[in-house]
Amino acid sequence: MSASPSSPTPLSPATPLTAPQKALRKLGLVRDIDLALHLPLRYEDETRIVRLRDAREGDEVQIEAVVTANEVNFRPRRQLLVTVDDGSDTCTLRFFNFYPSQQKALAVGTRVRARGEVRGGFSGRTMMHPVVRAAAGALPDALTPVYPTVAGLPQAYLRRAVATALERADLSETLPAAISDRNAGVPAWDLRRSLTFLHHPTPEVSIAELEARSHPAWQRLKAEELLAQQLSQLLAKRERDRLRAPSLCAHPGGLHERLLAALPFGLTGAQRRVGEEIARDLARTVPMHRLLQGDVGSGKTVVAALAAAIAIDAGWQCALMAPTEILAEQHFRKLIGWLEPLGIGVARLSGSQKKKERREMLERIESGAAALVVGTHAVIQEQVKFRRLALAIIDEQHRFGVAQRLALRGKMGVDPQVAADDGAPAAGPMEPHLLMMSATPIPRTLAMSYYADLDVSTLDELPPGRTPVVTKVVSDRRRDEVIERIRAQLAQERQVYWVCPLIEESEALDLSNATATHAELSAALPGVLVGLLHSRMAPAEKKAVMDLFKEGLVGVLVSTTVIEVGVDVPNASLMVIEHAERFGLSQLHQLRGRVGRGAAASACVLMYSQPEGGRLSEASRERLRAMAETHDGFEIARRDLEIRGPGEFLGARQSGAALLRFADLATDADLLEWARALAPRLLDQHPDMAKRHVERWLGGKSDYLKA
Ligand code: ADP
Ligand code: MG
């Protein structure tokens with residue numbers, strides 16, 4: 001973040017930062033407004049003096065009293081004992097660590113204010129390490145804020161910095177009265193009043209109201225924050241709407257139709273509907289920015305392939321990026337199987353590729369011979385130059401970081417010159433259409449806030465012929481029964497996944513080791529080929545094992561979570577997840593989605609391990625229960641959000657993005673609705689105010705929200 005002109009202390013480049021200044025930067029507290037929005041963690045009440053006689057044991061109070069004795073004791077250990085008397089009673093202030101100067105400041109006869117917890121005791125009242133200062137001046141009339149801080153940034157320094165910044169910050173109104181009046185539910189308090197209050201609340205305030213963040217000052221802050229988020233998303237969307245993209249239309253008898261005819265199955269109603277939504281976007285000259293969400297197994301890949309077919313048929317290239325090599329490889333095979341017979345060149349890019357193959361692929365991409373490019377992150381590397389990319393597809397988009405998504409959009413710009421050479425209408429710079437896919441459905445409130453700038457298509461129907469997966473929660477003491485169950489599946493020529501959480505024995509965590517399990521199952525299942533897959537294996541090794549599993553030669557695949565995303569082996573009918581209590585809900589759901597892909601009845605066994613002599617935590621039990629109860633990805637995502645909160649749920653997207661600091665989507669849905677309704681009107685009727693509002697709240701961070 002760069003220093004803005006309103007930095008608390010304008011620094012010339014030559015001035016080295018002091019330790020507290022460095023700490024302020026580390027906390028992101030650079031502009032006055034950043035400091036003004038740095039709210040207290042809690043408050044201390046220094047507004048009142050309590051008489052010792054009235055102080056109950058355990059109360060945290062401030063007293064004002066005169067020192068009557070001051071001595072250093074050495075038994076049981078070195079300590080300073082100061083006796084004070086406030087006329088109602090006496091109290092001993094006890095300090096184990098002290099400087100000679102402190103001792104001097106507490107000379108007999110000095111009048112002091114001391115704040116701390118009053119304890120009773122054998123020899124009368126005491127306070128351990130109270131905060132003491134000379135009893136000078138009037139008492140403050142507001143609570144004293146205690147701010148979140150870091151090492152090297154003393155509370156007193158931070159308090160002064162915040163107070164100064166609060167005075168200086170531009171907190172002028174960004175909500176025109178005419179608009180906010182008509183929006184019921186917006187707190188009447190303005191920003192300045194709200195912030196002034198939250199930094200220095202009057203002592204009569206209800207602490208409960210402050211803590212529950214239901215106080216009008218809090219409501220105002222949350223509303224403004226949500227509005228900033230909505231505005232920045234809207235701005236990003238409008239900015240994108242000004243960009244141009246090649247218009248891609250499907251033609252009767254074209255590749256799109258030929259691919260459809262060649263598929264071994266008919267599309268589901270949901271696939272058809274979503275396909276049409278995407279086709280409509282592609283036909284426009286504005287870049288598509290669409291999220292395709294659909295539960296595991298809902299058939300997103302074929303929808304992506306059909307979109308690619310439209311782009312390719314129009315004479316353009318398409319890129320498909322997947323988060324893992326296994327998944328990229330699987331996509332590559334599937335797509336090459338579908339498209340090559342139709343005369344379409346497909347290239348692959350991966351990090352583990354041999355130099356020669358890679359060079360070949362790069363050439364085919366640059367020349368345009370490869371119409372479709374499938375790969376991992378390798379697709380966004382610098383050497384990769386597309387001749388005329390028009391459609392970028394990201395599978396399992398939540399697995400990619402913000403930076404990667406930005407890189408994809410930035411790096412894949414269509415060169416207008418090439419576009420013109422190819423006879424395409426190129427007016428100014430163009431961007432490719434973007435289709436993101438995810439099996440983790442976004443709960444409504446998140447969709448309305450973090451993804452407000454996205455168009456969303458949902459596959460809400462599974463292909464026919466699937467039988468629901470039966471989920472069982474089982475203690476690992478019944479491991480033998482589980483292995484018996486595996487035998488039964490193998491006897492019916494079915495295949496089995498066994499998932500372990502970590503690859504190496506970690507005694508501290510007592511996690512099973514995939515290698516040990518592999519050995520155990522190999523011994524328990526003579527005559528069965530048991531495969532092992534973990535993240536430390538070389539890509540070629542992984543691929544070999546996966547191939548054997550796909551071909552049905554490996555009966556049981558023991559793996560760490562590398563199989564989590566997208567792997568498709570319809571003959572697998574049983575999934576065992578060891579230490580299921582250590583996985584997140586969405587992760588479990590993804591794993592479970594690996595089975596139930598064929599017509600056979602499938603099952604998922606969630607095996608948990610009870611801690612020695614203890615019980616599973618409430619959260620773990622809740623997660624496992626939720627998994628057994630529901631198969632609906634949306635319901636699971638909703639519960640996951642409830643259990644983990646949006647920070648973890650959003651994963652990569654949050655890193656760098658300004659996550660909501662004040663508002664809470666679980667409780668502030670009404671404020672979110674308000675912000676959503678207001679944002680477009682504010683932007684249209686008062687664009688300057690809207691910009692000021694976004695700048696104030698998000699500063700340099702708003703870029704991230706566009707990813
Ligand atoms: P996901 O949405 O999890 O990425 P996939 O695209 O991998 O799902 O599809 C899962 C399986 O369903 C694949 O084997 C795919 O070929 C198959 N499939 C997709 N659509 C249909 C359909 N309409 N009818 C039958 N099978 C389908
Ligand atoms: Mg998939």
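This is a short talk on side-chain interactions in one predicted model.

Ground rules before the contacts. It is a predicted model, so local features need pLDDT of at least 70 and side-chain atom pairs count only at pLDDT 80 or more, while totals for chains, interfaces and linings use all residues. Residues are numbered from 1 along each chain as its sequence is written, chains are lettered from A and ligands numbered from 1 in the order in which they are written, and side-chain values use heavy atoms, with hydrogens and water left out.

Aromatics first. How many aromatic pairs does the structure hold? Four. The criterion: rings of Phe, Tyr and Trp (its six-membered ring) pair if their centres lie within 6.5 Å; planes under 30 degrees apart are stacked, over 60 edge-to-face, the rest tilted. Take Trp218 and Phe662. Their pair is edge-to-face, with 5.7 Å between centres and 65° between planes. Trp218 is in helix α8 (residues 216-242), and Phe662 is in the loop between α23 (646-650) and α24 (669-685), so this pair ties together parts 444 residues apart in sequence. Helices here are DSSP runs (H or I, at least four residues), numbered from the N terminus. Both Trp218 and Phe662 are buried. Buried means under 20% relative accessible area, exposed means over 50%, and partly exposed is in between, with a 1.4 Å probe and protein chains only. Ring pairs also bring in Trp697, giving a cluster of Trp218, Phe662 and Trp697.

Next, charges over rings. The test: NZ of Lys or CZ of Arg within 6 Å of the ring centre and within 35 degrees of the ring normal. Arg77 puts its charged end over the ring of Phe96, 4.1 Å from the centre.

On to salt bridges. The cut-off is a side-chain nitrogen of Lys or Arg within 4 Å of a carboxyl oxygen of Asp or Glu. The whole structure has 36. Which residue does Asp547 meet in a salt bridge? Arg333, at 2.7 Å from N to O. Asp547 sits in helix α19 and Arg333 in helix α12 (residues 325-339), so the bridge joins parts 214 residues apart in sequence. Asp547 is buried, at 15% relative accessibility. Arg333 is partly exposed, at 35%.

Now Arg621 and Glu618. Their closest N and O atoms are 3.2 Å apart. These two are three residues apart in helix α21 (residues 618-629), which means a separation of about one helical turn. Both ends are partly exposed: Arg621 at 25%, Glu618 at 44%. There is also a network. Salt bridges with shared partners join Arg42, Glu44, Glu46, Glu60, Arg115 and Arg133.

One more bridge: Asp45 to Arg48, with 2.9 Å between the closest N and O atoms. Asp45 is partly exposed at 25%. Arg48 is exposed at 52%.

Then Arg479. Is it buried or exposed? Buried, with a relative accessible area of 17%. Arg479 lies in helix α17 (residues 479-491). Leaving out residues up to four places away in sequence, Arg479 touches Trp498, Thr517, Glu520, Glu578 and Met607. Contact means heavy atoms within 4.5 Å.

Last, the surface. Leu529, Leu548 and Leu553 make a nonpolar patch of about 260 Å². Patch residues have over 30% relative accessible area and no salt bridge; nonpolar side chains (Val, Leu, Ile, Met, Phe, Trp, Tyr) are joined within 5 Å, like charges within 9 Å. Areas come from the Shrake-Rupley method with a 1.4 Å probe; for residues, only the protein chains shown count as cover. Leu548 is in helix α19 (residues 539-550). Leu548 is partly exposed, at 33%.
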